[in-house]
Amino acid sequence: MIRTLVLTAALAFAGAAAAQDPHAGHAMPAQAAAPQSGIVTVPADGAMTSGSPERFSVTFPHAMILKTVTLTAEGRAPVVVNAPAAPAAATVSVALPRLVAGTYRAAWTAEG
């Protein structure tokens, strides 16, 4: 299964300057359900975050194994994050590297 979502971060991934300013940017809800599939991601599709997210999580209606998360932003090389081996679970996640400001597209693969 390959799914793609867009993580939009106006100043959300802006790094230290925005993170230290309590008035910079606006955080959107951390998660939103995809009713047609029953899949929930954190950050959610279209979410704006108040800084570089530390983790990517996905909740499925049944146990799955997260394999990879690939983050791409215009003008930057893709960042591929391989999920460590873990047993299948309904909610799976992986730690993300620190990201610079931008709008990222996350494509993830999972199997179950």
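Phe-60 and Trp-108 are both buried. In this predicted model the structure holds 1 aromatic pair, and its two rings are those of Phe-60 and Trp-108, with centres 5.5 Å apart and planes at 70 degrees, so the pair is edge-to-face. Phe-60 belongs to strand β4 and Trp-108 to strand β7, so the pair ties together parts that are 48 residues apart in sequence.

**Nonpolar core**

- The largest nonpolar core has 19 residues, and the ones that touch the most other members are Val-58, Phe-60, Leu-66, Val-69, Val-94 and Trp-108.
- At least two residues of this core come from each of β4, β6 (89-95) and β7.
- The most is given by β4, which supplies 8 residues to this core.
- In soluble globular proteins, nonpolar side chains tend to be buried together.

**Salt bridge**

- A search of the whole structure finds 1 salt bridge.
- Its partners are the side chains of Lys-67 and Glu-111, at 3.6 Å from N to O.
- Lys-67 sits in strand β4 and Glu-111 in strand β7 (residues 104-111), so this pair ties together parts that are 44 residues apart in sequence.
- What is the exposure of the two partners? Lys-67 is partly exposed, at a relative accessible area of 36%, and Glu-111 is also partly exposed, at 42% relative accessibility.
- The cut-offs behind that label are 20% and 50%: a residue between them counts as partly exposed.

- Phe-56 has 1% relative accessibility and counts as buried, because the limit for buried is under 20%.
- Thr-41 is 15 residues from Phe-56 in sequence, and the two C-alpha atoms are 7.4 Å apart in space.

**The cis peptide bond**

- Val-42 and Pro-43 are joined by a cis peptide bond, with omega at about 0 degrees.
- Where does Pro-43 lie? Pro-43 is in the loop between β3 (39-42) and β4 (55-73).
- Most peptide bonds are trans.

**Overall build**

- The protein contains 1 helix and 7 strands.
- Read from the N terminus, the order of the elements is β-α-β-β-β-β-β-β.
- Of its 112 residues, 36% count as buried.
- Among contacts between residues at least 6 apart in sequence, 66% join residues at least 24 apart.
- The protein exposes about 6300 Å², and 58% of this area is supplied by carbon and sulfur atoms.

**Confidence**

- The average pLDDT of the protein is 74, and 68% of the residues score at least 70.
- Residues 4-35 have a pLDDT below 50, and in the model this stretch has 78 contacts beyond near neighbours in sequence.
- Where pLDDT is low, the predicted coordinates should not be read in detail.

Key
Residues numbered from 1 in each chain as written. Predicted model: local features only at pLDDT ≥ 70, side-chain atom pairs only at ≥ 80, totals over all residues. Heavy atoms only, no water. Helix = DSSP H or I, 4+ residues; strand = E, 2+ residues; numbered from the N terminus. Salt bridge = Lys/Arg side-chain N within 4 Å of Asp/Glu carboxyl O. Buried < 20%, exposed > 50% of the residue type's maximum accessible area, 1.4 Å probe, protein only. Contact = heavy atoms within 4.5 Å. Areas by Shrake-Rupley, 256 points an atom, 1.4 Å probe, with all protein chains shown as cover. pLDDT = per-residue confidence, 0-100. Phe/Tyr/Trp six-rings, centres within 6.5 Å; stacked < 30°, edge-to-face > 60°. Core = buried A, V, L, I, M, F, W, Y, C linked by side-chain atoms within 4.5 Å.
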